[in-house]
Amino acid sequence: MLSTAALLANNPPDQLLPARELMAFTLASHILLVPFGVALPSITLLMHHRALRRNDAVALTLARRWSAVMAVQFAIGVVTGTVLSFELGLLWPGMMGRWGDVFGLGFGVEAWAFFLEAVLIAIYLYGWRRLKPWTHFWLAVPLPLAALMGAFGIIAANSWMNTPQGFSLDAHGNPVHVDVRQAVFTPIFGPEYWHFVVAMFLTAGYLVAGVYAVGWLRGRRDRYHRLGFTLPFTVAAILTPVQFMLGDSAARAVFHKQPVKFAATEIVWKTDTHVPEYMFGRLNSDGTISGGLKIPQLDSILAGFKPSTRVTGLTSVPAADRPTAVQATIAHWAFDIMVTIGSVLILLALWYAWSWWRHRDLPRSRWFFRCAAVAGVACLVTVECGWITTEVGRQPWIVYNHMRVSEAVTSTRAGSLWAMLGIVVVVYVAVFGAFLAVVLKMRTRWRIADEGSAATRAALPPETDTPYGPRSEPDPAAAGAAPGGGSDHTPGGAS
Amino acid sequence: MADLIAWVMVLAIAAYACAGGTDYGAGFWDLVAGGAERGKRPRWLIDHAMAPVWEVNNVWLIFVLVIMWTGFPTMFQAVFSAMWLPLALAAIGLVLRGAGFALRMPARRLAQRRIYGAMFAVSSLLTPFFLGAVLGGIASGRVEVGTTAAADAWANGTSVLAGLLAVAATAFLGAVFLCSDARRFGADDLVDYFRVRALLAFAVVAVLALIGLPVTHSDARYVWEGLTGGLGLLLVLLAAVCGLATVLLLLRRSFGWSRCTSVASVALTVGAWGFAQRPYVLPTSLTVAEAAGAAHTLRWLVIVTVVAIVLVGPAVVLLYRLDTMGELEELTDADTGAAGAPGDNL
């Protein structure tokens with residue numbers, strides 16, 4: 001009751017809710033594509049390297065097909081990302097106006113890194129046909145670095161919002177004496193950055209592998225599916241325990257640097273020692289907790305390795321300066337879902353490792369592949385959850401302890417914002433739906449071609465075509481599979 | 001230092017106007033290329049010419065925004081508050097445009113291509129209009145710190161004219177580049193097709209510029225005077241000379257050089273606007289010095305920019321070079337081993 005009353009007293013402007021929903025919706029949509037933008041090039045390059053090194057035609061086909069998907073995915077990522085930079089101004093002009101020169105430089109780094117990434121990816125995606133094989137490969141090698149640099153910029157900006165520093169305030173509350181280095185490398189930056197980057201690789205790895213796990217379950221157990229599964233899954237499986245450690249240290253960093261956020265994610269009401277851990281459960285506005293699984297002492301132990309660790313509670317700050325009970329519950333659930341999925345993924349990775357260690361082979365169980373098939377989607381859920389935890393846990397602040405979300409919001413009328421939200425939802429649903437349809441269609445085409453070529457392979461001599469280089473005539477296998485189907489873009493051709 | 005950053009911003013806007021403008025122009029010609037049958041060849045050329053470079057061309061916009069909010073936060077706040085609707089519509093236009101273009105490429109059905117193509121082409125027309133209208137509103141002094149969103153800020157003579165001028169200039173750039181792309185791809189019939197359109201677009205630009213003289217005279221007084229005197233005038237004249245040179249080169253079918261002169265004319269026009277607006281970022285209420293962010297940040301912004309130019313510059317040059325040498329082609333169905341699916345009709 002207390003926090004609700006305080007919020008009502010503060011009288012948040014009408015446009016706060018639609019602005020928040022719009023930002024949340026567009027960011028939640030964009031973040032689904034980020035794992036691919038950051039990590040898919042690297043995974044594709046690994047496959048590409050294998051193809052070149054061992055002259056492996058199957059690996060080359062996989063790398064090319066991933067490139068074809070990347071071409072569409074990257075484009076959608078570019079435009080949905082551009083929308084976010086517009087929204088910083090359209091929705092939160094108050095934040096950019098006052099703090100833009102303090103923390104904006106991270107975005108500057110990101111903009112240039114992204115520029116480099118866009119250039120390199122264009123060369124990579126369109127270089128398959130005419131560049132020399134190894135030249136093509138090496139031109140793309142800086143891509144992962146550019147992607148990491150771009151993530152650096154974005155996470156620097158976000159972690160500054162969580163633990164702002166690198167300035168002092170004058171009499172009017174305006175920032176002066178800006179120190180850029182301090183503003184970029186804020187206390188939470190390191191943990192947040194590595195946790196994020198590894199999450200991106202993990203998610204992309206599991207998702208790509210999941211596609212081939214589905215094929216495997218449907219009985220397509222050829223080398224193509226085996227390789228398409230093994231490489232990305234191995235990357236993800238190796239990173240899973242790493243991510244567990246990083247996530248753990250990130251949570252502890254939040255405990256030290258943003259105690260109130262930690263209290264929200266663990267629904268700790270009063271500052272105390274010997275604090276129990278709640279798995280799920282709901283925080284009521286009077287501080288009681290309904291439901292959930294209570295494990296005595298555990299929260300203190302997790303935070304400081306001993307039961308006597310003192311954990312700051314939500315009530316340590318006035319109600320107006322902390323997340324509401326509902327917000328805390330949201331952050332708590334998001335956090336718990338993320339941790340649960342992460343723990344289950346560790347078991348999956350262990351299963352995989354065990355199988356390699358014992359049999360030098362993939363696990364034989366269908367249940368393994370069923371789990372692997374959904375691991376990617378589960379990872380996307382954790383990405384959303386991690387982001388919800390950090391953003392909702394920071395409420396009501398947009399710049400932690402320095403600016404409230406309600407102070408940053410635009411003065412545009414709420415009606416316009418709601419209308420814009422409606423339009424954006426329609427546009428995004430259409431665009432993402434079409435994107436998914438296009439990718440699924442590509443998959444169907446490839447499957448038809450593969451099934452056709454498997455059927456005709458007996459009749460054809462073994463691979464005579466050079467895997468690389470411009471092709472003046474249509475691929476015999478593809479043409480054999482679908483007469484007149486594969487429309488080739490030749491200059492002046494009908495397309 | 002603030003002046004330097006302001007000029008970096010003007011340069012970035014000029015780069016976006018040229019690179020992004022060429023893309024928007026291609027989209028414009030896609031829009032007016034006619035029905036599926038008649039427009040098949042020009043659309044084919046537009047697809048192939050734009051595909052490798054359009055994303056890079058659009059990243060300039062992000063860079064403009066970043067410089068704006070890091071270097072001139074108060075100006076950023078004022079512009080995005082006052083120009084809310086056109087900027088929001090431009091953002092949606094950007095999504096539809098990019099998604100439409102990217103999704104059209106792998107589509108193999110006519111009906112799908114029509115929808116995605118329409119998304120791409122219509123938003124290629126609207127986005128530059130709204131962005132131009134925003135610049136027009138700023139130039140005519142309608143944005144001040146604290147101005148709230150209102151239609152007047154962008155629905156006025158100067159803004160509409162600036163929007164139309166932006167559309168016409170992009171169409172001009174697009175057609176000039178497509179001329180040389182047509183030659184590069186060996187589509188000789190399209191060379192003349194786009195040559196006529198480039199000349200037409202230039203005529204429209206010239207007419208709009210002449211109409212603009214009386215329309216903006218009293219409405220955007222400060223910028224008008226800046227453009228008709230001193231360095232502003234010099235750059236405007238140079239831009240006009242470059243524009244006319246483009247016409248001559250087009251008539252003489254010298255397409256390599258016509259690209260340079262057309263880009264120069266657009267870039268010089270943006271530069272002239274930069275000179276005309278000095279010392280204001282928002283005429284005539286906010287100067288560069290008043291809007292500038294913290295000095296320490298500006299110094300770092302310069303460092304980041306220099307480092308980035310060293311890193312990104314060669315990569316961009318390589319991309320454009322590979323592209324003009326015809327080294328960049330998209331993967332075909334044969335390369336990825338794709339077959340036709342039931343229902344394909346292209």
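Q: Why does the radius of gyration of chain B agree with that of a compact globule?
A: In this predicted model, chain B has 346 residues, and a compact globule with that number would have a radius of gyration near 20 Å. The C-alpha trace spans about 60 × 40 × 40 Å along its principal axes.

Q: What percentage of the contacts in chain B with a separation of 6 or more comes from residues 24 or more positions apart?
A: The secondary structure of chain B consists of 14 helices and two strands, and 62% of the residues count as buried. Among contacts with a separation of 6 or more, the share from residues 24 or more positions apart is 78%.

Q: Which helix gives the most to the side of chain B that touches chain A?
A: Contact between the chains involves 73 residues of chain B and 85 residues of chain A. Helices α3, α4, α5, α13 and α14 of chain B each supply at least two residues to that side. By class, the side has 50 nonpolar, 15 polar and eight charged residues. With 13 residues, the helix that gives the most is α13(B).

Technical notes
Residues are numbered from 1 along each chain as its sequence is written. Chains are lettered from A and ligands numbered from 1 in the order in which they are written. This is a predicted model: local features need pLDDT of at least 70, side-chain atom pairs count only at pLDDT 80 or more; totals for chains, interfaces and linings use all residues. Two residues are in contact if their C-beta atoms, placed from the backbone, lie within 7 Å. Helices (H or I, at least four residues) and strands (E, at least two) are DSSP runs, numbered from the N terminus. Ala, Val, Leu, Ile, Met, Phe, Trp, Tyr, Cys and Pro count as nonpolar, Asp, Glu, Lys and Arg as charged, and the others, Gly among them, as polar. The radius of gyration is taken over C-alpha atoms; the globule rule is 2.2 Å times the number of residues to the power 0.38. A residue is buried if 20 or more other C-beta atoms lie within 10 Å of its own, exposed if 12 or fewer, and partly exposed in between; C-beta atoms are placed from the backbone.
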